[in-house]
Amino acid sequence: MLNLHRNRIFTRSLFTGARRLNHDEPQNTQLASIKNKIEKDKKKLQWRTPYSDRPDSFQSSFKLFAPTNRNSELVELMQQPVDLSPSAIKKWWQSRKDGTEAFMQKFIPERHSTLGEDLASAHFVVHRGGSVRFRGQKEWIKMDEEENYNLPQHFIPNLVLEEINCDNMNLFYEGLENIRRLRYLKHLSFENVAKFDDWCLDRISGNSFPSLEVLNLRRTAITDRGLHCLYRLPSLKVVLVDDPEKNIMWKMMVSLLEEWNPQMSVRAS
């Protein structure tokens, strides 16, 4: 009697296992199909890889100190006491606006591949309040009072950008990658750009400006330590700063640059 009961249990378990296998087979097929779709979507989204993480992009010497995981910053923020004072709320709101604007200024490869480097850089600068001048033109192109400006909307051969004026712009480090590979650019100005610091100067110096002759850095946040990267600009003749004789460190850095490139002059005006 006991053996008969055991045989019934064993037979029932076999049928149950077979039934489960039959039901699992379509589920496994469906799961495999979902995995294949996910892999295909990953391949399609590879073009969204951040430009700074691509192997062919310029790597700043300061990138060594850049955080790769921002979780520690979040934990640190959560450990701070809650401050609901008007000044703290205003600071938080400004930080939020700056973060949004910095994200909107990120490099878009498709724009440069469609318009070309010169025209794409011009669109980026003029759209944010700057001005540009092309070779053969006397007038500068900038926005009017109604925020309209006259720039071509498609690629034009032999359109050469010679001068860029970013004075007083709300420009972030993320946006500097949009000003790049301008082979015939001669004049570049960042006067009174409050957020332009040593990191930004390092970024600009690596953006391929072989013909750049004048660089305006007055009323920015650069220090003497940021000037060392100017060796990447071989044609540079004039560098405008607030006070090249501010202290001994500034004097020493200016002397080193002028010794390396006798044609270069670092001055206040």
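## A capped helix

Let's start at one end of a helix: Asp197 caps the N-terminal end of H6, with a side-chain oxygen 3.3 Å from the backbone nitrogen of Trp199. That counts as a polar contact, meaning a pair of N or O atoms within 3.5 Å; within protein, one must be able to donate a hydrogen and the other to accept it, and residues adjacent in sequence count only if both atoms are side-chain atoms. Helix H6 covers residues 198–205, and seven of its eight residues are buried. Buried means under 20% relative accessible area, exposed means over 50%, and partly exposed is in between (1.4 Å probe, protein chains only).

Which residues of H6 are buried? They are Asp198, Cys200, Leu201, Asp202, Arg203, Ile204 and Ser205. These residues pack against strand E3 (187–189) and strand E4 (214–216).

## What you're looking at

This is a predicted model, in which local features need pLDDT of at least 70 and side-chain atom pairs count only at pLDDT 80 or more, while totals for chains, interfaces and linings use all residues. Residues are numbered from 1 along each chain as its sequence is written, and side-chain values use heavy atoms, with hydrogens and water left out.

The protein has seven helices and six strands. Here helices (H or I, at least four residues) and strands (E, at least two) are DSSP runs, numbered from the N terminus. Going from the N terminus, the order is α-α-α-α-α-β-β-β-α-β-β-α-β. Of the 269 residues, 32% are buried. If you take contacts (heavy atoms within 4.5 Å) with a separation of 6 or more, 69% of them come from residues 24 or more positions apart.

## The nonpolar core

A nonpolar core is a set of buried Ala, Val, Leu, Ile, Met, Phe, Trp, Tyr and Cys residues joined through side-chain atoms within 4.5 Å. The largest one here has 45 residues, and Ile164, Phe190, Phe196 and Leu215 touch the most other members. Two or more residues come from each of helix H5 (117–127), strand E1 (131–134), strand E2 (161–165), H6 and helix H7 (248–260). H5 gives the most, with six residues.

Take a look at Phe196. Leaving out residues up to four places away in sequence, Phe196 touches Leu176, Phe190, Leu201, Ile204, Leu217, Thr220, Ala221 and Ile222.

Helix H3 (residues 86–104) has 19 residues and reaches 27 Å from its first C-alpha to its last, close to the 27 Å expected at 1.5 Å a residue. (The expected span is 1.5 Å times one less than the number of residues.) In H3, Ala88, Asp98 and Ala102 are buried. They sit on the same side of H3, because they cover an arc of only 85° around the axis, judged by the directions from the helix axis to the C-beta atoms. Over on the other side of H3, you'll find Pro86, Lys90, Arg96, Phe103 and Met104 exposed.

## Loops worth a look

Most residues other than glycine have a negative phi. Asn192, in the loop between E3 and H6, has a positive phi of about 65° although it is not a glycine. Asn192 is partly exposed, at 27% relative accessible area. Ser208 also has a positive phi of about 65° and is not a glycine. Ser208 is in the loop between H6 and E4 and is partly exposed, at 41% relative accessibility.

Arg180 lies in the loop between E2 and E3. Is Arg180 buried or exposed? At 6% relative accessibility, Arg180 counts as buried. The side chains of Arg180 and Glu117 are joined by a polar contact of 3.3 Å.
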